[in-house]
Amino acid sequence: MGFCVDEAGLRITLAELKLHRLTVSQSHEPGALDFQGADFRQTAPVKLKATAELLGEEIRLLGHLATRLEFNCDRCLRPVEIPVSCDFDLFYRPAETIAKEEELEVPPDEMEIGFYSEDGIEVADVAREQVLLAVPMKVVCSNECRGLCPVCRGNRNLTQCDCAPPQRDS
């Protein structure tokens with residue numbers, strides 16, 4: 001058991017997995033991972049712990065990820081910090097197994113399979129992907145959030161406005 005590190009960071013390699021199972025523990029400080037324009041801010045380290053093993057040509061990665069993210073409430077735009085914690089059980093196949101020229105329907109039991117190229121998987125890529133998959137569709141500061149007034153754009157949680165509701169065409 002152990003982990004394998006190269007110059008680019010922690011990488012799970014086929015050569016190492018052929019010898020033995022790997023235990024991986026990695027932490028990414030805020031700003032270290034590029035979430036490619038996502039609408040949140042990382043406020044705590046992304047902590048990833050996993051076990052990797054080789055099953056034939058597939059790499060299985062089983063583990064847990066945790067961090068905290070800050071969003072703007074979808075109703076009132078106030079900052080909201082939420083914990084993100086998820087377990088994952090991932091399978092990766094060699095990229096060469098992908099059919100290059102033909103379209104194939106992916107069976108439902110293979111929807112969770114990823115692909116690796118060259119000699120393995122970058123752990124930072126797994127962490128980034130798992131955070132993005134764990135992000136909720138909508139974030140609200142509370143179930144009682146009243147949102148913004150559609151007329152004056154004031155936060156109805158903080159002030160009571162006297163704006164008339166907008167007129168709608170019938």
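This report describes charged side-chain pairs in a predicted model.

## Basis of the description

The model is predicted, so local features are described only at pLDDT of at least 70 and side-chain atom pairs count only at pLDDT 80 or more, while totals for chains, interfaces and linings use all residues. Residues are numbered from 1 along each chain as its sequence is written, and side-chain values use heavy atoms, with hydrogens and water left out.

Side chains of opposite charge can pair when their charged atoms come close. The structure holds nine salt bridges, a salt bridge being a side-chain nitrogen of Lys or Arg within 4 Å of a carboxyl oxygen of Asp or Glu. One of them joins aspartate 119 to arginine 11, with the closest N and O atoms 2.9 Å apart. Aspartate 119 sits in the loop between β8 (113–116) and β9 (120–122), whereas arginine 11 belongs to strand β2 (residues 9–13), so the pair ties together parts that are 108 residues apart in sequence. Strands (E, at least two residues) are DSSP runs, numbered from the N terminus.

Arginine 11 is buried, at a relative accessible area of 10%, while aspartate 119 is partly exposed at 37%; buried means under 20% relative accessible area, exposed over 50%, and partly exposed in between, using a 1.4 Å probe and protein chains only. The side chain of arginine 11 also makes a polar contact of 2.7 Å with the side chain of glutamate 122, where a polar contact is a pair of N or O atoms within 3.5 Å and, within protein, one must be able to donate a hydrogen and the other to accept it, with residues adjacent in sequence counting only if both atoms are side-chain atoms. Glutamate 122 is found in strand β9 and is buried, with a relative accessible area of 18%.

## Pairs between strands β6 and β7

Arginine 93 and glutamate 58 meet through their side chains in a salt bridge of 2.7 Å, N to O. Because arginine 93 lies in strand β7 (residues 79–94) and glutamate 58 in strand β6 (residues 58–72), the pair ties together parts that are 35 residues apart in sequence. Glutamate 58 counts as buried at 19% relative accessibility, and arginine 93 is partly exposed at 23%.

A salt bridge is also formed by the side chains of arginine 60 and aspartate 89 (2.7 Å, N to O). This pair links distant parts of the chain, 29 residues apart, with arginine 60 in strand β6 and aspartate 89 in strand β7. Arginine 60 is partly exposed at 22% relative accessibility, and aspartate 89 is partly exposed at 34%. Through salt bridges that share partners, Arg21, Glu53, Arg60 and Asp89 are joined into one network.

Notes:
Helix = DSSP H or I, 4+ residues; strand = E, 2+ residues; numbered from the N terminus.
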